[in-house]
Amino acid sequence: MEAQWIKSAVIALNLSQEGIRQLPVDESEKLKASIKGTFLDLADPQWWSEHLIGQQWAQQVEDAWKYLPVLCPDEKVWFIPLDGRCSAIYESAPSLISSVLGECPAFEYALVGKSLDWILIENHHNCLIGCGHAITRRLVDEFGS
């Protein structure tokens, strides 16, 4: 379902393939395994936010998607819908991902730095959870400790 919402949002926003790129399935599967191995204490948990390893920052944030351009580095990142039925991973800039999420019904997602040094998750409780120094520092700067 999330993949269809994202596709509709991309069309509505008239974004190009270069703006938001969906990775091929085999590449997505390999990357998702690497991300899980880096950030999660279980191989395939239903709720990623409950299985992060390392120092974390978490806070409930209304309309968290609006803050992505401020919170995330201004570079392309991995965008992952966290519904177990959606295997897609997208590559895009946080500002474009924010625009896409603004066009979609709410769903859990993660943004991950391409060097796999940070992850930011918005869960189904409107809670932002960050792991990795680069993102937790920005979260503290924006929202406090």
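User: In this predicted model, which elements are included in what covers the buried residues of α4?

Analyst: The buried residues of helix α4, which spans residues 94–102, are Pro94, Ile97, Ser98, Val100 and Leu101. Helices and strands both contribute to what covers these residues, and the cover includes α1 (2–12), β1 (20–22), α3 (68–71), β3 (77–81), β4 (90–92) and β5 (109–113).

User: In what order do the elements of the chain run from the N terminus on?

Analyst: The secondary structure of the chain comprises five helices and seven strands. Read from the N terminus on, these elements follow the order α-β-α-β-α-β-β-α-β-β-β-α.

User: What is the radius of gyration of the chain, and why can the chain be called as compact as a globular protein of its length?

Analyst: For 145 residues the globule rule gives 15 Å, and the value for the chain is close to this, so the chain is as compact as a globular protein of that length. Along the principal axes, the C-alpha atoms fill a box of roughly 40 × 30 × 25 Å. The radius of gyration itself is 14 Å.

User: How far apart do the centres of the positive and negative side chains lie?

Analyst: The chain carries 11 positive and 20 negative side chains.

Definitions and conventions. Residues are numbered from 1 along each chain as its sequence is written. This is a predicted model: local features need pLDDT of at least 70, side-chain atom pairs count only at pLDDT 80 or more; totals for chains, interfaces and linings use all residues. Side-chain values use heavy atoms; hydrogens and water are left out. Helices (H or I, at least four residues) and strands (E, at least two) are DSSP runs, numbered from the N terminus. The radius of gyration is taken over C-alpha atoms; the globule rule is 2.2 Å times the number of residues to the power 0.38. Lys and Arg count as positive and Asp and Glu as negative; His and the chain ends are not counted. The place of a charge is taken as NZ of Lys, CZ of Arg, CG of Asp or CD of Glu. Buried means under 20% relative accessible area, exposed over 50%, partly exposed in between (1.4 Å probe, protein chains only). Contact means heavy atoms within 4.5 Å.
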